[in-house]
Amino acid sequence: MQKRTYKFRFYPSKQQEYELYKFLELARFTYNKQLELKINKYKEENINLTQFDLNNNLIKLKEDNPELKNIHSQILQEINKRIKFAFNNFYRKLKTKENPGFPRFKGRNRYDSITYSQSGFKLNKKLYLSKIGEVNIVKHREIKENSKIKTLTIKKTCTNKWFACFSVEEEIHKKQIKQESYIGIDLGLNHFYADSKGNTIDNPKFLRKLENKLVKSSRKHSRKIKGSKNRYKSRLKLAKIHEKLSNQRIDFLHKESRKLVNNYQNIAVENLQIRNMVKNHYLSKSINDASWNKFLQMLSYKVEETGGKIIEINPRNTSQYCICGNKVEKTLAIRIHKCNKCGIEIDRDVMSAILIKNIAFNNTITTVGTTGSNAWENVSVEASMNQEAQVR
Ligand SMILES: [Zn+2]
């Protein structure tokens, strides 16, 4: 069984939205009340209230605040779970003798989700929520048959959109697809990535446009006076661009990682952590870092479905050598790899991808660059050249 989350947007009516906001506010109230109780018990009597104790206290809380009876009881119990998680951090720091602060209370608009565990909701054509009724929901994909929905989290974004996130357990079916065995890819600034077959995939233009827009808007935003209406407006605008950018970027990363995993069993990449240490003085701390990390994460979990592997290699020398073993030094400005020994002329990132593949799958990891060009004898140069290096 595999855990997976399906996130669908839903559209409550005005009345339903009003009720949902009330839920969130009641949930926030409960969170703060229960947290206060737990902190006080700890401070005054050195007692660690368990989740069980907190669940029991809900009875009293409901007596004092009858409006809490309008909210599904599992939602309230789930709040106690969140308090427990928030406190885990506190206890951990206590153990390591750091001076921990208690988990913080949630201010207005700082509580934006509630969770149903197991009951209180039903998903058919519409989404049924207890005490709310049926709401319109857009399912851009169907949850697989035979899978178990474990929890539902209702989330409001800071741009006031509503999402239903279903946490689902489903059976894994190893996919039967026709794949080639090996490929190397080089993540870069010039191309999003280049592969050892000679393909280059670029960052889509719409992403770059949005990134520019984001930079401009956040500059404008910082000039607005704190607490002003204009600042509030520009914050909302900024949040909208952020959201759009992040959605579109994730779509792009999903699409590209899916393509690679469907076509290749084993994928070689550079280890990003080492690469950051080695090459950081070239690479400006950019949005790319986050994208690359996310991309590798996606590759890793997708590759699990097909039984393949991601191999991370040490990035040393993947940009300054030729497939023939000759050293070809290039500054970042030079985009074409030209070797005066074997005559190959090729996109520099494609050459890097070929080297990455060879290092990963021909076991030249320890020898590359350390013992000179002889180290390349066990690389099948000719084969690699014929199959992959499409000389321009
Ligand atoms: Zn060469």
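Predicted model: local features only at pLDDT ≥ 70, side-chain atom pairs only at ≥ 80, totals over all residues.
**Entry 1**

Next I looked up the geometry. For my own reference, I noted that the ideal angle for four tetrahedral donors is 109.5 degrees.

**Entry 2: α1 against α3**

I moved on to the helices, where a packed pair is described by the angle between the axes and the distance between them. Helix α1 (residues 14-45) packs on helix α3 (residues 73-95) at about 40°, and their axes are 10 Å apart. That angle makes α1 oblique to α3. I also noted that α1 passes α3 in a right-handed crossing.

For the contact itself, I listed residues on both sides. From α1 they include A27, Y31, L35, I39 and Y42, and from α3 they include L76, I83, F87, F90 and L94. Sorted by class, this contact of α1 with α3 has 13 nonpolar, three polar and two charged residues.

**Entry 3: α2 against α3**

Helix α3 has another partner to write down. The axes of α2 (residues 51-64) and α3 come within 9 Å and cross at roughly 135°. The two helices are therefore oblique to each other, and their crossing is right-handed.

On the α2 side I found Q51, L54, N55, L58 and K62, which meet α3 residues including S73, L76, Q77, N80 and K84. By class, I have four nonpolar, five polar and three charged residues for α2 with α3.

**Entry 4: α4 against α5**

My last pair was α4 (residues 205-223) and α5 (residues 229-263), whose axes come within 10 Å and cross at roughly 160°. The cut-off for roughly antiparallel is over 145 degrees, and α4 and α5 are therefore roughly antiparallel to each other. Here α4 passes α5 in a left-handed crossing.

Among the α4 residues in this contact I wrote down F206, L210, E211, K213 and H221, and among those of α5, R231, R235, L238, I241 and F252. The residues of the α4 and α5 contact divide into eight nonpolar, seven polar and seven charged.

Conventions: Residues numbered from 1 in each chain as written. Heavy atoms only, no water. Axes fitted to C-alpha atoms, helices over the stretch in contact; angles between N-to-C directions. Helix = DSSP H or I, 4+ residues; strand = E, 2+ residues; numbered from the N terminus. Parallel < 35°, antiparallel > 145°, perpendicular 65-115°, else oblique. Left-handed = near helix turned anticlockwise from the far one by under 90°. Contact = heavy atoms within 4.5 Å. Nonpolar A, V, L, I, M, F, W, Y, C, P; charged D, E, K, R; others polar.
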